[in-house]
Amino acid sequence: MKTSSIDAGEDNFPIHLERVRSDLLQTYFACQIRGLTQSCKWLGDLLHALDDPTAESNKSDLQLSTAIALPQSPLVDLPSRYLPTFLFARSLLDAREYDHCAQTLSRFVSPVLRKLRGEGATEECPPLVYFMYVYSTYMACEKRRANDEVELRRVFEQDGNAKPSQVARARCANELSALRSEIENRVNPSKLDGAHSDALQENDPFILYAFGLVYRRLDMESVAVNLFVRAILSNPCLWPAWFELAQLVRDKEHLSSLKLPAASSEVWMRYFFEAKIFLKFNETERALDILQRLSNSGFSTSGNLQAEIGLAYDGLRDMDMASRQFEQLFSQFPCRLDNVDAYSNVLFVREDSIELAHLAHHCVSLDKYRPETCCVVGNFFSLRGQHDKAVLYFQRALKLKPSYSLVWTLIGHEYTELRNTKAAVHAYRQAIAHNRHEFRAWYGLGQMYEILDLPSFALHYYREAQYLVPTDSRLIVALGEIYERLNRLDEAKKCYWRAYCVGDIEGSALVRLAQCFIQSEEVAEAAAAYTEYIKLCKRHGVPSQTELAQAYKYLAMYHLQMGHYEDSASAASKCLEFPETREEAKAMFRQITVLAGDVEGVLTDRTSDDPTSTDDAIEDHDPASGSTQAGDSEAVADTPCPRDCTDASHPMEPEVADVDPDNREQQPKATTQSQPLDLSLGFLLSALGAVEKPSASQLDSSAIPTPAIRPMDRYTLWDDSEQPPGTSSHRSTSTTGPACSSLVGTPLPGSRSSASALDVETTPERQEESMTHDS
């Protein structure tokens with residue numbers, strides 16, 4: 001299935017900058033005369049980037065001229081008798097007097113009023129005037145809805161519940177229904193569906209865009225999508241329609257079903273559209289590739305483009321690159337407040353309290369009532385551990401922008417820290433209601449239900465989160481933990497193996513896989529998993545001495561019971577290096593001496609009861625560094641390694657769960673000496689039923705089909721064959737500290753201890769979105 005019309009493998013796109021500048025100028029003036037200020041802001045940013053003399057990419061392809069040919073004004077085609085009234089209505093729109101603007105233009109639109117004035121009722125109203133009438137009526141309704149929500153709606157009550165204004169919703173719906181009736185009097189409603197949208201008599205793209213806004217607010221999203229697509233086909237440079245369509249695309253199948261023009265030098269705006277779509281779908285690698293190629297094509301100084309590159313690095317968890325990208329952006333545009341909330345999240349993850357404090361002071365000095373500013377200040381107090389103040393500023397942001405899905409997620413994290421489980425669940429539900437692709441909120445809901453000891457509910461939300469981001473090992477490990485808790489060990493083992501294949505960030509997948517094998521009494525498979533974990537520790541360092549000691553201890557017991565005395569001696573010699581396993585290692589050496597009397601003399605030396613000899617053998621070991629001195633290394637250099645792993649290096653820092661040596665159910669049964677097994681990756685693959693190696697595309701989230709939203713049986717976490725490690729280059733980039741336990745700027749709830757059960761709503765209460773893109 002092809003969801004993108006962009007060919008990979010090139011450094012830039014075949015874009016003619018002269019044509020791009022001409023299209024931008026024409027679209028800019030068309031949006032400006034109609035009052036679409038947010039679109040003008042985006043278009044103006046690209047124009048500034050093209051004409052920036054500091055951009056090296058523009059000097060060779062675009063010769064700047066002192067005289068720029070301006071496009072013809074849309075007012076030229078407006079009849080002279082409409083011009084005074086239109087200019088007056090346009091000034092009212094700028095003053096945000098939307099009702100007055102609509103009432104002023106209604107005498108040109110309504111057939112009854114036209115007939116009373118002696119004009120022909122069948123005379124067509126100019127498209128520019130009709131758009132202004134529909135758009136001002138729509139904005140008047142949106143303004144009243146927003147004002148009613150601010151006045152009648154409190155974000156959180158004392159009990160943590162939200163009290164949305166049903167009066168505001170009903171009033172907005174009635175007014176939009178009346179506007180819809182006027183639209184259907186102009187356009188045949190039977191031609192608004194997908195099958196007959198091409199037969200619409202209305203060809204003005206801005207009027208189709210205004211119709212789409214109305215139908216979207218009425219929750220008739222299929223009709224709105226068709227209208228936006230029809231507007232784009234009429235004018236491929238109409239960015240307002242591209243932007244609104246990006247908000248309505250549900251998944252990759254939906255995107256591929258739309259009859260959009262393919263990306264080309266004429267339809268260059270689709271490149272920006274697809275970058276925004278892939279960021280929304282959490283396919284950050286594909287989005288970053290498009291954005292970097294756009295930057296190389298002449299838009300390197302665009303603020304919006306650089307901000308989206310920073311968002312892509314944030315999605316890839318490359319916090320250093322994301323921080324540098326945002327720092328460069330805000331040094332170039334110091335008064336910019338767009339995307340400053342994402343920058344504060346990156347600084348929170350990096351625990352850069354000094355820079356975050358400076359950013360918060362700077363934002364407050366610019367505009368302390370912007371929702372982004374409140375979000376930055378909330379992150380600042382959260383980093384300082386003042387969660388009550390963080391909640392206060394996040395609530396202020398939500399009062400200013402009720403559809404702020406990121407802040408809903410962050411305030412859910414803060415309520416989790418405050419142990420207010422019910423309020424946290426409500427916040428996560430609101431985040432999902434405003435943005436169903438907010439996987440952090442799905443993950444947070446899973447953690448809340450896990451705390452409430454409802455693993456079946458937690459399983460559903462974890463599966464939703466993992467479906468949105470199929471290659472995030474943290475989500476897959478969490479899913480495996482729930483399967484293990486539900487005693488579904490086969491699914492848990494496949495989850496842990498999948499997490500290891502995609503790049504285990506927290507480093508717990510292989511150890512948890514070994515524990516599952518132990519519970520299933522598959523001792524050889526558990527030994528293979530521990531052996532692979534030890535090989536990874538040798539390649540990437542030892543994250544925890546205690547966990548590594550437990551892995552060596554299990555291997556020593558396994559090889560001893562299986563009769564592999566040399567391998568057991570090798571693992572036991574490593575156990576002597578750790579204080580917590582030293583005594584068990586001495587006992588195992590005595591058993592090896594009894595069972596295999598012909599073992600080298602080094603074994604006898606290791607079993608000496610003289611404490612001086614034992615201390616001398618380990619006194620040079622540095623537990624913090626996980627290394628041994630040369631003398632100790634030479635003493636065990638000739639001891640056979642448990643196995644030879646030829647797998648490629650893999651980014652991983654495991655955390656091994658303890659294995660109780662006194663628990664006989666976890667230890668393999670004694671047997672006679674036999675030939676050591678090949679405890680390799682192939683052995684693990686065959687044990688998991690994955691014999692063949694899949695292609696790299698099986699781990700690409702773009703290759704995973706997107707089913708319907710709700711059914712729980714739609715998920716497939718793994719294929720019949722699993723991908724071996726070392727497939728994704730960006731997975732080798734990881735952060736330390738909070739980055740390893742956080743899916744967003746504020747840490748995810750890390751506590752999974754039990755809590756008292758609370759009554760939690762199971763059906764999310766959908767909140768209405770705020771003003772549209774061009775409010």
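Reader: How are helix 13 and helix 14 oriented to each other, roughly parallel or roughly antiparallel?
Author: Helix 13 and helix 14 are roughly antiparallel to each other. Under 35 degrees counts as roughly parallel, over 145 as roughly antiparallel, 65 to 115 as roughly perpendicular and the rest as oblique. This is a predicted model, in which local features need pLDDT of at least 70 and side-chain atom pairs pLDDT 80 or more, while totals for chains, interfaces and linings use all residues. Residues are numbered from 1 along each chain as its sequence is written, and side-chain values use heavy atoms, with hydrogens and water left out.

Reader: At what angle do helix 13 and helix 14 pack, and how far apart are their axes?
Author: Helix 13 (residues 269-280) and helix 14 (residues 284-299) pack at about 150°, and their axes are 8 Å apart. Axes are lines fitted to C-alpha atoms, for helices over the stretch in contact, with angles from 0 to 180 degrees between N-to-C directions. Helices (H or I, at least four residues) are DSSP runs numbered from the N terminus.

Reader: Switching to rings. How many aromatic pairs are there?
Author: The structure holds 25 aromatic pairs, meaning Phe, Tyr or Trp (six-membered ring) centres within 6.5 Å; planes under 30 degrees apart are stacked, over 60 edge-to-face and the rest tilted. Among them, phenylalanine 131 and phenylalanine 206 are edge-to-face, at 6.0 Å centre to centre and 75° between the planes.

Reader: Where do phenylalanine 131 and phenylalanine 206 sit in the chain?
Author: Phenylalanine 131 is in helix 7 (residues 127-152) and phenylalanine 206 in helix 9 (residues 205-217), 75 residues apart, so the pair links distant parts of the chain.

Reader: Is phenylalanine 131 buried or exposed?
Author: Phenylalanine 131 is buried, because its relative accessibility is 1%. Buried means under 20% relative accessible area, exposed over 50%, and partly exposed in between (1.4 Å probe, protein chains only). Phenylalanine 206 is buried too, at 5%.

Reader: Why is the pair of tyrosine 449 and tyrosine 461 called stacked?
Author: Their ring planes are at 5° and the centres are 5.4 Å apart, so the pair is stacked. Tyrosine 449 lies in helix 23 (residues 439-451) and tyrosine 461 in helix 24 (residues 455-468). Both tyrosine 449 and tyrosine 461 are buried.

Reader: Which charged end sits over the ring of phenylalanine 131?
Author: That of arginine 34, 5.9 Å from the ring centre. The criterion is NZ of Lys or CZ of Arg within 6 Å of the ring centre and within 35 degrees of the ring normal. Lysine 401 likewise has its charged end over the ring of tyrosine 404, 4.8 Å from the centre.

Definitions and conventions
Helices (H or I, at least four residues) and strands (E, at least two) are DSSP runs, numbered from the N terminus.
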